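Hi,

Here is the structure I promised to send over. My notes on the ligand and the pockets follow below.

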Amino acid sequence: MIIAIDGPAASGKSTTAKKVAEMLNFIYVDTGSMYRAVTLAVLNAGMDPNVESDVKGILPNLAISVEVSEGGSKTLLDGNDVSEETRRTGVTNHVSAVSAMPSVREEMVAMQRRITVGKDAVVEGRDIGTVVFPKADFKFYFTASHTARAERRRLDLKKLGIEHSTEEIIEDLKRRDDIDSGRIHSPLTRADDAITVDTTNLTFDEQVAFIVNRVRNS
Ligand code: CDP
């Protein structure tokens, strides 16, 4: 069974998806971290993250893998866990440009389908219900106000020792929303058959319960 959760940055997808996976004994797949790992590799190689021909050139040599478990997801680059490093600002600034490239998407989508073959999975991203798993058993689309999203992201970053103002974060969220929603390939958009969950005024437990109840009562 596949549960797809899509939505913009900091709408509450990751924490919710992780907990839902843990409660249902499903694997959790964080697809954003895969695009972040490609971006980190591009930057580490000293390449311009806006030039697709350069990025495409290194794709065949990329050693990206994902270790999934119930309620956990680790992204490895060359065997090293880069889950935390890829949340940092340098990667965040370029990830939307890199993930708009068709060659990058093709590789990542293939990997996402491979990882989940024969498994029950909660898969979280931007195009899961529309492109990666259009026949997913359940599709949710998370939204929240800019202020709520920025405040959540501010606290996430603070835990990593990174301080940004709410205004700076709102700017980054809007910039990435624009690129992610406006790209030609697999734009961020709600699947017609997805259930919208506005998390602005929901607690974490309410978000989790909403999905788990839907799945269990179906
Ligand atoms: O955690 P946050 O919501 O900030 O972002 P993320 O889920 O880690 O995704 C980072 C970026 O990867 C997004 O802004 C998208 O540009 C891209 N992405 C994508 O294109 N398709 C996905 N399925 C997941 C992420």
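Which of the 20 residues around the ligand come nearest? They are Arg 36, Arg 87, Arg 153, Asp 180 and Arg 183, where a residue counts as near if one of its heavy atoms lies within 4 Å of the molecule.

Before going further: this is a predicted model, in which local features need pLDDT of at least 70, side-chain atom pairs count only at pLDDT 80 or more, and totals for chains, interfaces and linings use all residues. Residues are numbered from 1 along each chain as its sequence is written, and side-chain values use heavy atoms, with hydrogens and water left out.

**Around the ligand**

By class, the shell around the ligand holds 4 nonpolar, 5 polar and 11 charged residues (Ala, Val, Leu, Ile, Met, Phe, Trp, Tyr, Cys and Pro count as nonpolar, Asp, Glu, Lys and Arg as charged, and the others, Gly among them, as polar).

- Asp 180 has a side-chain N or O atom 2.7 Å from an oxygen atom of the ligand.
- Arg 87 places a polar side-chain atom 2.8 Å from an oxygen atom of the ligand.
- Thr 31 has a side-chain N or O atom 3.0 Å from a nitrogen atom of the ligand.

Taken alone, the ligand exposes 530 Å², and the protein buries 99% of that (Shrake-Rupley areas with a 1.4 Å probe). Helix H2 (31–44), helix H4 (89–99), strand S6 (121–125) and helix H8 (166–182) each give two or more residues to the shell, and H2 provides the largest share, 4 residues. Helices (H or I, at least four residues) and strands (E, at least two) are DSSP runs, numbered from the N terminus.

**The pockets**

The ligand sits in the largest pocket, meaning that more than half of its atoms lie within 2 Å of the pocket's grid points. A pocket here is an open set of points on a 1 Å grid over the protein atoms alone, where a 1.4 Å probe fits, with protein on both sides within 12 Å along at least five of seven lines; lining residues have an atom within 4 Å of a point.

About 1,000 Å³ of space lies in this largest pocket. Among its 44 lining residues, Ser 14, Asp 30, Arg 87, Arg 153 and Asp 156 are the closest to its centre. Helix H7 (residues 146–159) gives the most to the lining, with 6 residues, and by class the lining has 11 nonpolar, 16 polar and 17 charged residues.

The second largest pocket has about 190 Å³ of space. Its lining includes Arg 36, Arg 87 and Arg 153, and H4, H7 and H8 each supply at least two residues.

**Backbone**

Asn 25, in the loop between helix H1 (13–24) and strand S2 (27–30), has a positive phi near 60°. Asp 78, in the loop between strand S4 (72–77) and strand S5 (80–81), also has a positive phi, about 50°.

Best wishes

Note on methods. Polar contact = N/O pair within 3.5 Å; in protein donor to acceptor, adjacent residues only side chain to side chain. Points joined across faces, edges and corners; volume = space filled by probe spheres on them.
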